[in-house]
Amino acid sequence: MRDKLMIIGAGGQGAVCADVAKLCGYKTIEFLDDIRLEKENVKGPTSLLPSVVGDYDIFVAIGDNRIRRSFIEKAISANGDLATLIHPSSIISENVKIGAGTVVTAGAVINPGAVVGIGVIVNTLSSVDHNCELGDYSHIGVGSHLAGTVKTGEETFVGAGAVIINNISIAPKTVIGAGAVVIKDLTETGTYVGVPVRKIK
């Protein structure tokens, strides 16, 4: 771990991840962003990524799963060192596996046997119970709860306050709306809302 971190994305997710990075011990935290070029500590557009990988650890702080994946893959292709950011107030069992480029934010809980993929967001006050498997580039929203042995496919988005009961599998690239309750496997990729969930597209 270097003491310098370059964050891709200077929006709200970037601000949250910068706070976590400070608590993880990074001394210098800067950003690349294509829109917010006038913002403090933004050093330039994201096209500069290949030129900074030798001097900084890299973290991609973009909420959109597909875009986050794209930038992480670019960082890996450029031989960048992906940071993993874990807030000190989170509670993580010692036998949890967490992939590179993942952030676990304040108050999140990850219980024994869970496997968290590459580039995952485990957001504020969410919980991931025993033996869950979170696919690469998933996003577990604020205050959402996954019971034991839930498996999410790559790029799954679980909205704020959603609940998934135990032993459920979720198809890749599925979107689960805020406050939804999942009580059966979601085998088809799509957008699901409601209590219990129904597919809307």
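The paragraphs below walk through the fold, the cores and some local details of a predicted model.

Taken as a whole, the protein contains three helices and 22 strands. Its radius of gyration is 17 Å, close to the 17 Å that the globule rule gives for 201 residues, so the protein is as compact as a globular protein of that length. Along the principal axes, the C-alpha atoms occupy a box of roughly 45 × 35 × 25 Å. Of the 201 residues, 48% count as buried. Among contacts with a sequence separation of 6 or more, 25% come from residues 24 or more positions apart.

Strand E20 runs parallel to strand E17 (residues 163–164), and two bridges join them. Within this pair, Ile164 has Val182 of E20 as its bridge partner. Strands of a sheet pair through backbone hydrogen bonds, in either a parallel or an antiparallel sense.

Both members of that bridge turn up again in the packing of the interior. In soluble globular proteins, nonpolar side chains tend to be buried together. Here the largest nonpolar core has 25 residues, and Ile164 and Val182 are among those with the most contacts inside it, along with Ile110, Val122, Leu134, Leu146 and Ile176. Apart from this core lies another, of 17 residues, with Ile7, Cys17, Ala21 and Phe59 among them. Returning to Ile110, its contacts beyond four places in sequence are Ile91, Ile92, Ser93, Val96, Ile98, Val104, Val116, Val122 and Val128.

Ser93, one of the residues touched by Ile110, sits in the loop between E5 and strand E6 (97–98). With a relative accessible area of 19%, Ser93 is buried, the cut-off being under 20%. Its side chain makes a polar contact of 2.9 Å with that of Asn95. Beyond its neighbours within four places in sequence, Ser93 is in contact with Ile110, Asn111 and Pro112.

Strand E1 (residues 4–8) pairs with E3 in the parallel sense over four bridges, and Met6 stands opposite Ile58 in E3. In a regular strand, side chains alternate between the two faces of the sheet. Strand E3 (residues 57–60) has Asp57 and Phe59 pointing one way and Ile58 and Val60 pointing the other way, and all are buried.

Strand E2 (residues 28–32) holds Phe31, which is buried at a relative accessible area of 10%. Leaving aside neighbours within four places in sequence, Phe31 is in contact with Met6, Ile7, Gly9, Ala10, Gly14, Ala18, Glu40, Asn41, Val42, Lys43 and Gly44. Between Phe31 and Ala178 there are 147 residues of sequence separation and 29 Å in space, C-alpha to C-alpha.

What of the cysteines? A search of the whole structure finds zero disulfides. Cys24 is in no disulfide, and the nearest cysteine sulfur, that of Cys17, lies 10.0 Å away. In terms of accessibility, Cys24 is partly exposed, with a relative accessible area of 26%, whereas Cys132 is buried at 0%.

Some backbone details may also be of interest. Most residues other than glycine have a negative phi, and most peptide bonds are trans. Glu155, which is not a glycine, has a positive phi near 65 degrees. Glu155 lies in the loop between strand E15 (151–152) and strand E16 (157–158) and is buried, with a relative accessible area of 10%. Lys173 likewise has a positive phi, of about 60 degrees, without being a glycine. The place of Lys173 is the loop between strand E18 (169–170) and strand E19 (175–176), and Lys173 is exposed, with a relative accessible area of 52%. Finally, Val195 and Pro196 are joined by a cis peptide bond, with omega about -10 degrees. Pro196 belongs to the loop between strand E21 (191–193) and strand E22 (198–199).

How values were computed
Residues are numbered from 1 along each chain as its sequence is written. This is a predicted model: local features need pLDDT of at least 70, side-chain atom pairs count only at pLDDT 80 or more; totals for chains, interfaces and linings use all residues. Side-chain values use heavy atoms; hydrogens and water are left out. A nonpolar core is a set of buried Ala, Val, Leu, Ile, Met, Phe, Trp, Tyr and Cys residues joined through side-chain atoms within 4.5 Å. Buried means under 20% relative accessible area, exposed over 50%, partly exposed in between (1.4 Å probe, protein chains only). Contact means heavy atoms within 4.5 Å. Two strands pair if DSSP finds at least two bridges between them. A disulfide is a pair of cysteine sulfur atoms within 2.5 Å. A polar contact is a pair of N or O atoms within 3.5 Å; within protein, one must be able to donate a hydrogen and the other to accept it, and residues adjacent in sequence count only if both atoms are side-chain atoms. The radius of gyration is taken over C-alpha atoms; the globule rule is 2.2 Å times the number of residues to the power 0.38.
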